[in-house]
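Opening the notebook on a new structure. I want to see what sits where and what touches what.

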Amino acid sequence: MYFEHHERAGDYVYDRIQQETLVGKKMQKRRNHFHAFEKLYANRYEFRKIAPVDFDAIYTFLDEWKANKDESLYESIEFERQGIERLLNNFTLFELDGGVIYIDGKLEAFSLTSKLAKDTIQIHVEKANRNFRGLSIAIVKYYLETLKPE
């Protein structure tokens with residue numbers, strides 16, 4: 001397999017400390033959603049680093065995600081799923097990392113990341129069930145908390 005980096009094809013670059021701590025006026029909305037998540041789902045959720053044991057739950061999550069989308073989007077969703085499957089099938093080869101959040105024992109969010117540089121990570125995939133307020137913020141925040149300071 002061959003991969004090529006395109007400088008202008010990048011999405012966003014965020015400050016890790018800002019995303020991890022949610023400190024500052026700029027982060028107030030995200031902080032409020034995160035605190036709501038913790039309050040609403042206290043003792044019902046579990047975050048952990050992603051592992052191959054989670055892959056089947058991720059596939060189930062993706063199937064449910066697709067089923068809740070408009071049929072006109074199925075083709076692009078299927079391409080995205082195929083990309084995620086390729087990442088998971090090469091989890092060790094690509095030195096992937098990430099996190100998962102289970103709520104009431106069911107996977108409701110996951111992220112797939114890799115180290116891009118000594119001080120940079122790349123989030124390849126981040127999916128969260130939108131029915132859970134603050135979940136998309138929680139998956140990023142909790143994952144960042146697992147990383148070494150550098």
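Predicted model: local features only at pLDDT ≥ 70, side-chain atom pairs only at ≥ 80, totals over all residues.

I began with leucine 22, which sits in the loop between α1 (16-21) and α2. Helices here are DSSP runs of H or I with at least four residues, strands are runs of E with at least two, and both are numbered from the N terminus. Residues are numbered from 1 along each chain as its sequence is written, and side-chain values use heavy atoms, with hydrogens and water left out.

Is leucine 22 buried or exposed? I got 1% relative accessibility, so leucine 22 counts as buried. My cut-offs: buried is under 20% relative accessible area, exposed is over 50%, and partly exposed is in between, using a 1.4 Å probe and protein chains only. Leucine 22 also has a positive phi of about 60°, although it is not a glycine.

I then looked up glutamate 95, in the loop between α4 and β2. Its phi is near 55°, a positive value in a residue other than glycine. Glutamate 95 is exposed, with a relative accessible area of 66%.

**Arginine 30**

Arginine 30 is in helix α2 (residues 28-40). Its 30% relative accessibility makes it partly exposed. What does arginine 30 touch, not counting residues up to four places away in sequence? I found Gln19, Leu22 and Ile137, with contact meaning heavy atoms within 4.5 Å. I also noted glycine 134: its C-alpha is 7.6 Å from that of arginine 30, and the two are 104 residues apart in sequence.

**The sheet**

I traced 4 strands in an open sheet, ordered β1-β2-β3-β4, with antiparallel pairing. Two strands pair if DSSP finds at least two bridges between them. The edge strands are β1 (45-49) and β4 (120-128), each pairing on one side only. From one strand to the next, the twist averages 15°.

Strand β3 (residues 106-117) runs antiparallel to β4 and is joined to it by 8 bridges.

**Helix against helix**

The axes of α3 and α4 come within 11 Å and cross at roughly 175°. The two helices are therefore roughly antiparallel (over 145 degrees; under 35 is roughly parallel, 65 to 115 roughly perpendicular, the rest oblique). The meeting residues include Phe55, Ile58 and Leu62 in α3, and Ile77, Ile84 and Leu88 in α4.

**Aromatics**

My search of the whole structure gave 8 aromatic pairs. Rings of Phe, Tyr and Trp (its six-membered ring) pair if their centres lie within 6.5 Å; planes under 30 degrees apart are stacked, over 60 edge-to-face, the rest tilted. Phenylalanine 47 and tyrosine 142 have ring centres 5.8 Å apart and planes at 45°, so I logged the pair as tilted. Phenylalanine 47 is in strand β1 and tyrosine 142 in helix α5, so this pair ties together parts 95 residues apart in sequence. Tyrosine 142 is buried at 9% relative accessibility.

Phenylalanine 55 and phenylalanine 91 make an edge-to-face pair, 5.4 Å centre to centre with 65° between the planes.

**Cores**

A nonpolar core is a set of buried Ala, Val, Leu, Ile, Met, Phe, Trp, Tyr and Cys residues joined through side-chain atoms within 4.5 Å. The largest has 19 residues, of which Ile58, Phe110 and Leu112 touch the most other members. I see α3, α4, β2 and β3 each supplying at least two residues, with α3 giving the most, 6 residues. Apart from this core lies another, of 17 residues, among them Leu22, Phe34, Phe37 and Leu144.

Definitions and conventions:
Axes fitted to C-alpha atoms, helices over the stretch in contact; angles between N-to-C directions.
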